[in-house]
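Hi there,

Here is the structure I promised to pass on to you. Have a look at it first, and then read my notes below.

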Amino acid sequence: MFYASLVCPRMANKRRTMEHRLDQNQLNQLLRFLVKGSPSCTDIVKTCNWPTQHNNKWHTENCCDMFQPIFTNYGLCFAFNSLPLNGMTNSTLAWQKSFNPQSAAKSLLWGLDIGYPKTFPPDVNMQPLRVMASGEANGLGVELFLNTSEHQYACDGNSLGFTVLISSPADHVYTSTVLRIPMDRMTTIEVSPITYKTDSSLRSLAPYQRQCSFQNERRLEHYEYYTDSNCQHDLLVKEARRMCNCVLFNWPRVSLQESVCSTDEDFQCITNVNGKVEEQLIYAYYADSEARREQREQSKSCHPSCNDVIYSSQVFYSDLIRDYGDGTPHWGIPGQSEVTQINVHFYEDFFLGQHRHAQYDDYYFAGAIGGLLSLFLGFSIISVAELVYFVILRPAYTILKEMYYQRNK
């Protein structure tokens with residue numbers, strides 16, 4: 001019951017606790033319960049359509065090659081277009097192999113600061129995956145199956161459906177856009193990106209001055225890419241480990257022997273750490289805004305990434321029926337409320353981004369000084385030439401001319 005209470009939404013408000021913290025055997029048992037008790041990818045994903053690989057045709061084979069297991073606040077899920085190790089550092093490899101034996105570290109040619117390589121035609125299989133156009137025909141299509149005969153009402157209540165989380169590949173999934181997908185529906189999710197770019201000339205400023213951090217300026221313990229949400233969760237995990245000597249079961253771990261919070265005191269400590277981390281970040285933001293701040297002091301704020309991508313979405317539903325005109329393969333005879341389809345695509349080809357740059361650079365500053373002097377003193381480049389001529393050149397010429405005449409006399 002304790003294991004189930006960790007992942008069951010209906011039991012979240014009455015979470016059961018242990019008298020003593022889980023030992024190593026119980027930790028292994030918990031992991032086996034989560035892996036074997038969760039549906040496998042092949043149990044859920046029946047057909048799929050990813051245009052760059054399937055040529056706009058629905059397939060029933062190798063769909064799960066595009067998904068990899070990932071722990072979230074909802075238990076063990078499957079992620080599409082996730083980065084190697086789900087965007088986490090190599091220190092979490094042993095923990096990730098415990099629920100995904102295919103986990104492996106891999107270097108990428110893509111990055112938040114550098115983007116994709118400037119090559120044409122682009123490699124459509126490069127991670128993270130991308131599409132070349134917007135629209136439903138260029139998005140991801142998935143048909144999901146839910147075996148209602150195995151539905152655990154004590155865990156999920158009377159609600160039938162799937163939970164979908166939408167986030168950037170570089171962001172963790174513990175705080176993401178959450179969508180509830182009903183059964184017997186065609187769910188269309190239109191995604192719109194919001195990009196943030198920062199001029200490289202601002203690297204000369206301290207992060208607290210430009211209010212953002214580049215990737216090479218701050219390294220996180222558990223996440224490969226720096227974002228504000230990754231920074232906040234990384235800080236939360238470190239503070240929980242320091243103050244409570246344990247972490248939650250679904251949080252990244254650097255060792256399989258690390259203690260998992262399981263007693264009432266542990267969960268109360270995690271609640272207190274949440275409040276302290278939020279308070280710490282608020283004070284850090286205020287400290288960064290102080291005018292007397294020492295420039296050598298390292299910022300403790302979780303500023304946004306200087307280059308980042310954030311996604312917003314809008315959802316539409318329609319009834320799903322089986323008819324002779326249905327082009328999706330028939331993999332079985334599902335019953336009522338056992339099938340649903342999802343299509344995720346970009347809303348439009350073009351989007352507006354936000355660009356962070358210096359409002360007053362050196363050239364603007366020099367021009368502003370010249371403009372002010374010209375405005376208030378009538379000063380200009382011609383005035384400089386006249387000043388040099390009348391103050392230096394003309395007097396020097398007059399003196400030299402008189403000396404020349406005196407010598408000739």
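**What I found**

About 730 Å² of nonpolar surface patch is made by Val384, Leu387, Val388, Tyr389, Phe390, Val391, Ile392 and Leu393. Patches are made of residues with over 30% relative accessible area and no salt bridge, where like charges are joined within 9 Å and nonpolar side chains (Val, Leu, Ile, Met, Phe, Trp, Tyr) within 5 Å. A salt bridge is a side-chain nitrogen of Lys or Arg within 4 Å of a carboxyl oxygen of Asp or Glu. The accessible areas come from the Shrake-Rupley method with a 1.4 Å probe, and for residues only the protein chains shown count as cover.

Helices (H or I, at least four residues) and strands (E, at least two) are DSSP runs, numbered from the N terminus. Tyr389 has a relative accessible area of 37%, so it is partly exposed. For these words, buried means under 20% relative accessible area, exposed over 50%, and partly exposed in between (1.4 Å probe, protein chains only).

**Before you go further**

This is a predicted model, in which local features need pLDDT of at least 70 and side-chain atom pairs count only at pLDDT 80 or more, while totals for chains, interfaces and linings use all residues. Residues are numbered from 1 along each chain as its sequence is written, and side-chain values use heavy atoms, with hydrogens and water left out.

The chain has an average pLDDT (the predictor's confidence in each residue, from 0 to 100) of 85, and 91% of the residues score at least 70. Among the elements of the chain, the highest mean pLDDT, 94, belongs to helix 8, and the lowest, 68, to helix 10 (residues 362-377).

**Aromatic rings**

How many aromatic pairs does the structure hold? There are twelve. Rings of Phe, Tyr and Trp (its six-membered ring) pair if their centres lie within 6.5 Å; planes under 30 degrees apart count as stacked, over 60 as edge-to-face and the rest as tilted.

One of the pairs is Trp50 with Phe80, which is edge-to-face, at 5.2 Å centre to centre and 70° between the planes. This pair links distant parts of the chain, 30 residues apart: Trp50 is in the loop between strand 1 (45-49) and helix 4 (51-54), and Phe80 is in strand 3 (residues 75-80). Trp50 counts as buried because its relative accessibility is 5%, whereas Phe80, at 23%, counts as partly exposed.

Trp110 and Tyr225 form a tilted pair, because their ring centres are 5.6 Å apart and their planes are at 55°. Here too the pair links distant parts of the chain, 115 residues apart, with Trp110 in the loop between helix 5 (93-97) and strand 4 (140-145) and Tyr225 in the loop between helix 7 (207-210) and helix 8 (228-243). Trp110 is buried, with a relative accessible area of 11%, and Tyr225 counts as buried at 13%.

Ring pairs also link Phe71, Trp95, Phe99 and Phe249 into a cluster.

Two arginines lie over ring faces: Arg130 over Tyr116, at 3.8 Å from the ring centre, and Arg203 over Phe214, at 3.9 Å from the ring centre. A charge sits over a ring if NZ of Lys or CZ of Arg is within 6 Å of the ring centre and within 35 degrees of the ring normal.

**Details of the backbone**

Most residues other than glycine have a negative phi, and most peptide bonds are trans. Which peptide bond ending at Pro121 is cis? The bond from Phe120 to Pro121 is, with omega near 0°, and Pro121 is in the loop between helix 5 and strand 4. The bond from Gln127 to Pro128 is also cis, with omega near -10°, and Pro128 is found in the loop between helix 5 and strand 4.

Asn62, which is not a glycine, has a positive phi of about 60°. Asn62 sits in the loop between helix 4 and strand 2 (67-72) and counts as exposed, at 54% relative accessibility. Gln211 has a positive phi near 65°; Gln211 is in the loop between helix 7 and helix 8 and is partly exposed at 38%.

Happy exploring!
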